[in-house]
Amino acid sequence: MSSFIRELPKVELHLHIEGTLEPEMVFYLAKRNGITLDYADESALRAAYQFNDLQSFLNIYYQGMQVLQTEQDFFDLTWAYLARSHQENVRHVEIFFDPQAHTERGVAFADVVNGISGALAKAKQEWGLTSYLIMSFLRHLSQEAAFETLQQAKPFKSFITGVGLDSAERGNPPTKFTQVFAVAAQQGYRLVAHAGEEGPASYIRDALDILKVERIDHGVAAIHDAPLMARLAQERIPLTVCPLSNLVLKVVDDMSEHPMLALLHAGVCVTVNADDPAYFGGYMNANYQALQEGLGASDADLLQLALNSVEACWLPESEKATLV
Ligand code: ADE
Ligand code: ZN
């Protein structure tokens, strides 16, 4: 790992907190909560992390998070991620959580948000590590279910800055959620959506024009659509790209084929993020390193990517200045 990458001040904009659940913590929480797992030990669980595509990952991801049951569990999960981020010189994070994946199992919305928010507040106090929380709707579920979740979030509005859209992309287009995104915007949430990860470039356009999101999560399919790329560059619409995720989920066959640098050099505001680091082989520094070693990104490229994240984040301009 180069000292340049380690010392670079970083901002993370695409991170699912449930995707930071390491096998060791799965076993620790299973024991604490009296749950029997289908795997003999941590290494047997890790060996099951063989993915062909997004869906094969999501199956394991939703299964793993069932050990998260109490407010303390969500606090411990988030705290471990923040401690790791602090070690890697990450200065600000905007993280997703998937409330429906927990409330569907009978976990209280309050326990999820209070646990995560408690850890976020402690990291700000101890390290000055700032954060925003983004509530993601699961796109394989109905718009009606998303509306119910928006309603459940009402008492916690002050803890939740944005609304997002994730889970199985193919067959679940942005247009399925047009009304709930419009209402979320009226309620004052900022908007983002996963689009163009496995789905087509047209989903990126629809997320921008119909859902009216301000940032696209992934968005790598834009590389196949020259007019869309030109628009993203012209309007400086940020893409929160996740290199190791794209490799492990076979969005790209090899890191040398990743579109990150082509997008960067075309003037698109691309950023580096970890997505689900416990499953994809690394946190922020590992993603920067993969671009350096696998794609030949220079230090100047990596610096520009880090600056793009500062540009794309939601901190007030006065606070952005203190990040770099
Ligand atoms: N949920 C967690 N990680 C995701 C990803 N990479 N794409 C869609 N949904 C997700
Ligand atoms: Zn994601």
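Biologist: Why is glutamate 197 called buried?

Modeller: This is a predicted model, and the count comes from its atoms. Glutamate 197 has 24 other C-beta atoms within 10 Å. The cut-off for buried is 20 or more. So glutamate 197 counts as buried.

Biologist: Which residues does glutamate 197 touch, leaving out those up to four places away in sequence?

Modeller: Leu54, Glu169, His218, Val220 and Val251. Contact here asks for C-beta atoms within 7 Å.

Biologist: What does the UniProt record say about Glu197?

Modeller: The unreviewed entry annotates Glu197 as "active site". Such annotations may be inferred rather than shown by experiment.

Biologist: Where does glutamate 197 sit?

Modeller: In the loop between E5 and H10.

Biologist: What makes E4 and E5 a pair?

Modeller: Strand E4 (residues 162-166) and strand E5 (residues 190-195) share 2 bridges, in the parallel sense. At least two bridges are needed. So E4 and E5 pair. Valine 163 stands opposite leucine 191 in E5.

Biologist: Which helices pack on the sheet there?

Modeller: Helix H9 (residues 178-186) is one of them, touching strand E3 (130-138), E4 and E5. Its direction makes about 150° with that of E5. Helix H10 (residues 201-209) touches E5 and strand E6 (215-218). For H10 the angle with E5 is about 170°.

Biologist: What is the strand order of the open sheet?

Modeller: The 8 strands run E1-E2-E3-E4-E5-E6-E7-E8, with parallel pairing.

Biologist: Why do E1 and E8 stand at the edges?

Modeller: Strand E1 (10-12) and strand E8 (270-272) each have a single partner strand, so one side of each lacks a neighbour in the sheet. The twist averages 25° from one strand to the next.

Key
Residues are numbered from 1 along each chain as its sequence is written. Chains are lettered from A and ligands numbered from 1 in the order in which they are written. This is a predicted model: local features need pLDDT of at least 70, side-chain atom pairs count only at pLDDT 80 or more; totals for chains, interfaces and linings use all residues. Helices (H or I, at least four residues) and strands (E, at least two) are DSSP runs, numbered from the N terminus. Axes are lines fitted to C-alpha atoms, for helices over the stretch in contact, and angles run from 0 to 180 degrees between N-to-C directions. Two residues are in contact if their C-beta atoms, placed from the backbone, lie within 7 Å. A residue is buried if 20 or more other C-beta atoms lie within 10 Å of its own, exposed if 12 or fewer, and partly exposed in between; C-beta atoms are placed from the backbone.
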